[in-house]
Amino acid sequence: METYYVNGFFKRRNSAKISVEDRGFNFSDGVYELISYLDEKLIFFEKHYSRLSKSLLSLKISSPLSNKKILKLIIKRLIKLNKIKSGYIYIQITRGTAKRNHVYSQQIPPNLVIFCLPLRKIEKFKRGVKVRTSEDLRWGRCDVKSISLLPNILEKQIAFNQGYYETWQTKDNYITEGTTSNAFIVDRNGSIRTYPKSKHILGGVTRDVIIQIAKKKSIKIIEKAFTLNDVKYCKEAFLTSTTVKILPVIKVNDMKINTMKIGEITKILTYNINKKING
Ligand code: PDD
């Protein structure tokens, strides 16, 4: 039986409940994090905790967690109770429960829900995935990991229905990021290019780690936006996220990348991020 953590209590699935007046439910007024774990070991926990704190601060939602030690303890217990050795931890914090009114009171306590998800099967994607592009319709604060994900889920669904893994979103002709992942190319000169950290993208934890690895391996990294024309002439492309870590991108719309083979830089980064995670 799955166990969920809801506002201070470990609850079985049927009794894990949140009010219909939760502001997350009514207004998407909340934030989340997804953290992966392997053999009960949390991956890049500090980075996720720090992003969660920043998201809360940006929306002026008070944190229901007094510190990261408490959160870690809750998660460890949850993993044991669920008997899922490796998977993902989903953490959602909303502004709280109140009669529906756009204006909110600072007094209401936030709602906290945490649960475990089993590892996703991604083996088939490791040989490379196809990506389509479409206009970025999201709001102006994509750096906040908000639970408001309508444009993301709609574009991800279109990608799925059409046989693509992901949609790369474009703003003024520049590729910002995927709906669930950050986007990268390796340009003609062998430099990695990715959209700069800004309000237009989510600063991915995996993105940060990949940049760290690239620097260590003396691979040049340019945090500068790229266009579809840059994709046309690129040597490699890849995407990163907590769920998949890094995946080679072998086709963007109808453009084949590196004759649909995994590129050398993507291989180096994949090897090194796996080494970092598996210790
Ligand atoms: N999504 N950009 C967007 C829009 C995302 O939703 C995600 C992650 C990323 C990658 O961030 P990170 O490397 O920190 O996972 C970039 C998660 C996996 C999700 O919503 O399930």
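This is a predicted model: local features need pLDDT of at least 70, side-chain atom pairs count only at pLDDT 80 or more; totals for chains, interfaces and linings use all residues.
**Entry 1: α2 against α5**

I began with helix α2, residues 45-59, and helix α5, residues 205-216. I found that the two pack at an angle of about 130°, and that their axes are 10 Å apart. Angles of 65 to 115 degrees count as roughly perpendicular and those over 145 as roughly antiparallel. That makes α2 oblique to α5. I noted the crossing of α2 and α5 as right-handed. On the α2 side, I listed Lys47, His48 and Arg51 as the residues that make the contact. On the α5 side, I listed Val205, Val209 and Gln212. I then sorted the contact of α2 with α5 by class and wrote down two nonpolar, two polar and two charged residues.

**Entry 2: α2 against α3**

Next I looked up helix α3, which covers residues 68-82. I read an angle of about 115° for its packing with α2, with the axes 11 Å apart. Which hand does the crossing of α2 and α3 have, left or right? I recorded it as right-handed. From α2, the contact uses Phe45, Glu46 and Tyr49. From α3, I noted Lys68, Leu71, Lys72 and Ile75. By class, I have four nonpolar and three charged residues for the contact of α2 with α3, and no polar ones.

**Entry 3: α5 against α7**

I went back to α5 and looked up its packing with helix α7, residues 264-278. I wrote down an angle of about 110° and axes 10 Å apart. Because 65 to 115 degrees counts as roughly perpendicular, α5 is roughly perpendicular to α7. I noted that α5 passes α7 in a right-handed crossing. The α5 residues in the contact are Thr206, Val209, Ile210, Gln212, Ile213 and Ala214. The α7 residues are Leu269, Asn272, Ile273 and Lys276. I divided the residues of the contact of α5 with α7 into six nonpolar, three polar and one charged.

**Entry 4: Gln92**

I then picked a residue in a strand. Gln92 sits in strand β5, residues 87-94. Which side chain does the side chain of Gln92 make a polar contact with? I found that of Tyr90, at 2.6 Å. I also looked for contacts of Gln92, leaving aside neighbours within four places in sequence. I listed Val31, Tyr32, Asn111, Leu112, Val113 and Ile147.

**Entry 5: around the ligand**

Last, I looked at the ligand. I noted 20 residues around the ligand, of which Tyr32, Arg51, Glu177, Thr206 and Thr242 come nearest. For Tyr32, I found a polar side-chain atom 2.5 Å from an oxygen atom of the ligand. Tyr32 is also on my list of contacts for Gln92. For Lys145, I noted an N or O atom of the side chain 3.4 Å from a nitrogen atom of the ligand. For Thr180, I noted a backbone N or O atom, which lies 3.5 Å from a nitrogen atom of the ligand. Arg51 is in the contact of α2 with α5, and Thr206 is in the contact of α5 with α7.

Notes. Residues are numbered from 1 along each chain as its sequence is written. Side-chain values use heavy atoms; hydrogens and water are left out. Axes are lines fitted to C-alpha atoms, for helices over the stretch in contact, and angles run from 0 to 180 degrees between N-to-C directions. Helices (H or I, at least four residues) and strands (E, at least two) are DSSP runs, numbered from the N terminus. Angles under 35 degrees count as roughly parallel, over 145 as roughly antiparallel, 65 to 115 as roughly perpendicular and the rest as oblique. A crossing is left-handed if the near helix is turned anticlockwise from the far one by less than a right angle, and right-handed if clockwise. Contact means heavy atoms within 4.5 Å. Ala, Val, Leu, Ile, Met, Phe, Trp, Tyr, Cys and Pro count as nonpolar, Asp, Glu, Lys and Arg as charged, and the others, Gly among them, as polar. A polar contact is a pair of N or O atoms within 3.5 Å; within protein, one must be able to donate a hydrogen and the other to accept it, and residues adjacent in sequence count only if both atoms are side-chain atoms. A residue is near a molecule or strand if one of its heavy atoms lies within 4 Å of it.
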